[in-house]
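Please read this briefing alongside the sequence and the 3D structure shown below. The points are grouped by topic.

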Amino acid sequence: MEALRVIGVDVGGTKTLAAVVDRHGEIEQDVVHSTDISSQDALLAGLDAIVEELRDGREIAALGFGIPSRVDQRSGRAVASVNIPLAGVDFRDRMRERHGVPVGIDNDANAATIGEWHAGAARGARYVVMLTLGTGVGGGLILDGRPYRGATGVGAELGHIVIGLDGPPCGCGGHGHLESYAAGPVADRAARELYGNGSDGHELVERGRKGEPEAVEALAEIGRRLGTGIASFVNVFEPELVVVGGGFGTAGELLLGPAREVLAREGLEPARDTVRVVPAQLGFHAGVIGAGMIAFEALDAEP
Ligand SMILES: [Zn+2]
């Protein structure tokens with residue numbers, strides 16, 4: 001069999017990572033650029049440029065994009081986005097016309113989930129819940145060995161389950177969502193309360209790693225909130241695995257330990273005892289590898 005290559009692109013609010021990926025999720029070459037968010041046209045032109053730079057005469061079978069957007073899979077449209085100027089664009093058609101190969105697109109957290117499922121912490125599992133903790137809380141599901149995308153492609157926004165009625169505001173305009181309690185900015189706020197205005201979540205995690213009690217407790221409080229979300233997902237989906245990734249997810253056991261305690265209390269038997277709650281393995285490569293797998297999905301769906 002010929003060794004097909006695709007390009008996966010993980011579009012972030014600050015950086016865009018692109019990689020030539022094979023069917024096993026192995027990265028052959030990758031490149032990272034800052035994302036031009038000055039306008040929608042500039043953003044799209046920047047994405048064209050990064051694809052062309054990587055392609056450079058090479059045989060490429062398809063393109064896949066993970067974008068921080070609500071995606072309508074029926075039309076291939078990016079409906080609305082967070083942190084980038086991309087809304088109401090027929091993204092899939094536009095990229096296919098521009099680059100002349102099949103194109104797959106998905107939400108960035110779905111892409112990260114698919115990446116961890118193919119090549120990382122969730123390899124071989126059939127039922128996976130993934131949460132990415134960053135500026136927001138992203139979510140993705142693998143159910144019965146397939147990515148779950150909901151009726152139109154907006155699923156599964158696990159970060160927006162409501163865990164506190166009339167709770168703190170969420171980035172989406174709602175209140176008391178998991179994201180309002182467990183995203184990176186919550187750690188930034190806790191750090192400022194403890195150490196003053198110059199502090200942030202990175203410092204909180206660093207101090208937590210050194211075992212400073214008030215930092216450990218502040219992170220444990222966030223971890224317990226995360227645990228209410230995880231326990232709810234375990235009760236609903238009975239996954240084999242819950243994978244926690246994203247930049248703030250690298251706080252690891254400082255969050256996951258307290259989260260597991262809540263899971264042990266609030267999860268239903270036997271799922272709470274059999275499910276494993278683990279850190280992601282691929283780091284910032286999860287999204288780009290997943291985007292590559294989405295490219296293969298688009299290629300395989302061709303008549
Ligand atoms: Zn929300």
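**An open sheet and its helices**

In this predicted model, 5 strands form an open sheet with mixed pairing, and their order is 10-9-8-11-12. The edges are strand 10 and strand 12 (276-279), each of which pairs on one side only.

**Pairing within the sheet**

- Strands of a sheet pair through backbone hydrogen bonds, in either a parallel or an antiparallel sense.
- Strand 8 (residues 128-133) pairs with strand 11 (residues 241-245) in the parallel sense, over 5 bridges.
- M130 has V243, in strand 11, as its bridge partner.

**Helix 7 on the sheet and against helix 8**

- Helix 7 (residues 213-237) lies across strand 8, strand 9, strand 11 and strand 12, and runs at about 145 degrees to strand 11.
- Helix 7 also packs with helix 8 (residues 253-266) at an angle of about 45 degrees, the two axes being 6 Å apart, and this angle makes helix 7 oblique to helix 8.
- The crossing of helix 7 and helix 8 is right-handed.
- Among the residues that make the contact are L219, I222, L226 and I230 of helix 7, together with L255, P258, V262 and L263 of helix 8.
- The residues of this contact between helix 7 and helix 8 divide into 15 nonpolar, 4 polar and 4 charged.

**The loop at D144**

- D144 lies in the loop between strand 9 (137-143) and strand 10 (146-147).
- D144 counts as exposed because it has 7 C-beta neighbours inside 10 Å, where the cut-off for exposed is 12 or fewer.
- D144 and Y127 are 17 residues apart in sequence, and their C-alpha atoms are 5.8 Å apart in space.

Terms used: Residues are numbered from 1 along each chain as its sequence is written. This is a predicted model: local features need pLDDT of at least 70, side-chain atom pairs count only at pLDDT 80 or more; totals for chains, interfaces and linings use all residues. Helices (H or I, at least four residues) and strands (E, at least two) are DSSP runs, numbered from the N terminus. A residue is buried if 20 or more other C-beta atoms lie within 10 Å of its own, exposed if 12 or fewer, and partly exposed in between; C-beta atoms are placed from the backbone. Two strands pair if DSSP finds at least two bridges between them. Two residues are in contact if their C-beta atoms, placed from the backbone, lie within 7 Å. Axes are lines fitted to C-alpha atoms, for helices over the stretch in contact, and angles run from 0 to 180 degrees between N-to-C directions. Angles under 35 degrees count as roughly parallel, over 145 as roughly antiparallel, 65 to 115 as roughly perpendicular and the rest as oblique. A crossing is left-handed if the near helix is turned anticlockwise from the far one by less than a right angle, and right-handed if clockwise. Ala, Val, Leu, Ile, Met, Phe, Trp, Tyr, Cys and Pro count as nonpolar, Asp, Glu, Lys and Arg as charged, and the others, Gly among them, as polar.
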